[in-house]
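Student: Can we go through this one together? I'd like to start with the metals.

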Amino acid sequence: MPVHSTDIEEIFKEVADLLELQDANPFRVRAYRNAARTIASLPYSIIDLVENDKDLTELPGIGEDLADKIREICKTGTLKFLKKLENEEGGSLHELMGIPGLGPKKVKALHQTLGIETLQELDEAAQQGKIGTVEGFGEKSEANILKELKRLKERSGRTPYPVALQLAEPLIKYLKQQQGLKQIKIAGSFRRCRETVGDLDILASCKRGTDLITHFVHYDEVDDIISKGKTRSTVILKSGLQVDLRVIPAVSWGAGLFYFTGSKAHNIAVRKLALKRGLKINEYGVFKNDKRIAGKSEEEMYAQVGLPYIVPELRENRGEIKAVAEGKLPALITLDDIRGDLHMHTKKSDGHHTISQMAQAALERGYEYIAITEHSQHVRVARGLDAKALEKHMEEIDTINNQIDGIEILKGVEVDILEDGSLDLPDTILKELDIVICAVHYLFDLPEEEQTRRIIRALENPFVNILAHPTGRLIGERDPYPIDMKEVMKTAKGNNCFLELNSYPYRLDLNDTYCKMAKEMGLKIAINSDAHSTDGLHNLSFGIQQARRGWLEADDVINTQDHDNLKRLLNKN
Ligand code: DGT
Ligand code: CA
Ligand code: CA
């Protein structure tokens with residue numbers, strides 16, 4: 001079982017949690033958390049360092065002991081020390097800490113008073129109303145625990161796209177080793193670039209299909225074989241992800257790809273068009289009087305029903321068929337259209353790299369400009385800046401901007417929207433910045449009207465340009481806060497502001513349908529990485545996928561503009 005960087009990170013985090021539950025020395029706890037953070041922020045996999053026998057102790061926060069442990073995990077896939085902690089008293093309490101709001105102190109209180117050790121016991125106790133009686137808990141926290149447990153159950157059904165991607169890549173590489181393999185592709189929601197996938201649908205055409213199926217079920221990561229036929233098999237990977245493999249003949253490759261890419265609603269709409277022409281469509285081709293007239297490629301399938309090729313991201317039956325028929329299919333944005341990135345953090349707040357490291361990395365990506373946008377003071381956990389610190393930071397940005405050629409560094413901020421919709425920094429300083437992003441980072445549970453009013457007031461500030469991650473959701477973790485999006489969009493447009501599509505793959509906020517809604521209102525979007533390290537700049541490709549699902553074209557997005565045009569868009573007066 002191959003080890004990933006994230007496995008090591010997870011193991012160290014779990015060790016830290018368990019040590020903390022045991023009241024271990026806080027320095028020891030912190031050492032494991034720091035190590036996990038170091039590994040997470042490396043712009044390359046730590047596995048590579050181990051495989052190349054590099055000195056791990058040169059990394060920040062990694063001493064001899066942790067270096068040994070990293071090597072042990074790489075070699076064995078597990079850590080003996082973690083197993084030991086898990087077998088000790090309270091070793092199963094770690095899973096309770098996966099519930100937002102339950103830190104080590106609260107978990108310990110639940111354990112000591114009610115004897116709760118597992119999620120199931122937690123669920124039962126909450127159902128019976130026992131949690132609210134424990135000191136430090138109330139009815140509200142009990143309701144919250146029930147809500148989070150429910151979400152956890154739902155969440156286990158779908159896999160976030162980046163996780164699916166990480167699991168799919170080595171599997172495809174493995175399947176490609178099979179002799180006689182002609183074509184292989186992942187279809188389904190993964191190909192449509194949905195933010196989460198229910199399962200992976202892999203299609204292949206191969207000289208001897210049964211060989212490929214046998215090869216498939218012998219993959220190291222397979223935990224359970226659900227079915228194994230001559231042309232089809234379903235397995236569950238150790239991660240819990242289900243994978244379907246179908247072997248299809250080369251003559252119907254395009255038909256199979258079309259059918260299993262879906263969505264189901266899109267398939268049905270296309271089939272209706274075929275019926276009107278007296279044609280039949282199935283996963284083997286397009287048929288006229290039982291004679292196959294298309295099936296080798298998706299293009300010829302679409303052509304037979306009178307349509308040009310439709311990219312997978314649009315296949316959701318959200319008007320794409322009517323749009324192509326009228327010749328109004330959007331020319332979807334690509335990563336190549338992006339000229340800069342307007343939201344990122346440095347070491348100064350909660351990022352990992354310096355201004356010049358971020359600028360250098362952006363330059364290497366071919367960008368013409370970036371904006372450095374640290375947090376404001378309210379976000380203490382992220383070491384947000386007050387007015388004085390921001391002023392100093394602005395001077396530093398100027399200095400570096402003068403030193404570096406080929407890229408413009410804009411002076412920005414991600415300023416917090418306070419409870420009443422005022423901003424966390426005075427206008428006198430906002431006015432001096434090239435770009436002001438505002439964002440909600442707390443009080444997610446205000447009633448819709450209040451939350452809407454709060455955000456609208458922020459957008460009415462004369463110096464604000466962009467509303468970051470407009471719904472605050474974290475995929476699989478936190479629901480969007482309730483707001484009247486239409487009103488927010490109207491206000492943004494009326495005040496020459498823009499909304500962000502935050503590309504962090506667990507945010508993707510705005511989502512696809514809101515992007516489409518903005519486009520229809522003529523409101524432009526900024527697709528930003530929100531990078532906290534040089535590596536984080538890569539997240540932009542996830543944002544582009546979501547934007548494409550939302551029908552966005554280059555012109556709908558402000559950071560496709562050159563620097564002069566961008567400056568004009570950001571200068572509201
Ligand atoms: P998921 O896995 O829930 O994220 O979503 P999909 O879209 O990958 O759905 P899945 O895995 O159930 O099926 C893969 C594709 O197969 C689906 O997108 C369209 C096609 N398909 C499945 N069932 C039907 C069906 O009953 N009718 C039609 N026309 N197509 C279907
Ligand atoms: Ca699927
Ligand atoms: Ca499937």
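Tutor: We take the metal sites, then a helix pair. This is a predicted model, where local features need pLDDT of at least 70, side-chain atom pairs count only at pLDDT 80 or more, and totals for chains, interfaces and linings use all residues. Residues are numbered from 1 along each chain, chains are lettered from A and ligands numbered from 1 in written order, and side-chain values use heavy atoms, without hydrogens and water.

Student: Which protein donors hold the calcium ion (ligand 3)?

Tutor: D199 (OD), D199 (OD), D201 (OD) and D244 (OD), at 2.2 to 2.9 Å. Donors are N, O and S atoms within 2.8 Å of the metal, or 3.2 Å for Na, K and Ca; water is not among the atoms, so sites may look incomplete.

Student: What spacing do they follow along the chain?

Tutor: D-x1-D-x42-D. D201 sits in strand 4 and D244 in strand 7, 43 residues apart. Strands are DSSP runs of E, at least two residues, and helices are runs of H or I, at least four, numbered from the N terminus.

Student: Which residue bridges the calcium ion (ligand 2) and the calcium ion (ligand 3)?

Tutor: D199, and the ions lie 3.8 Å apart.

Student: Is D244 buried or exposed?

Tutor: Buried, at 5% relative accessible area. Buried means under 20%, exposed over 50%, partly exposed in between (1.4 Å probe, protein chains only).

Student: New topic. At what angle do helix 2 and helix 4 cross?

Tutor: Roughly 55°, with the axes within 12 Å. Axes are lines fitted to C-alpha atoms, for helices over the stretch in contact, and angles run from 0 to 180 degrees between N-to-C directions.
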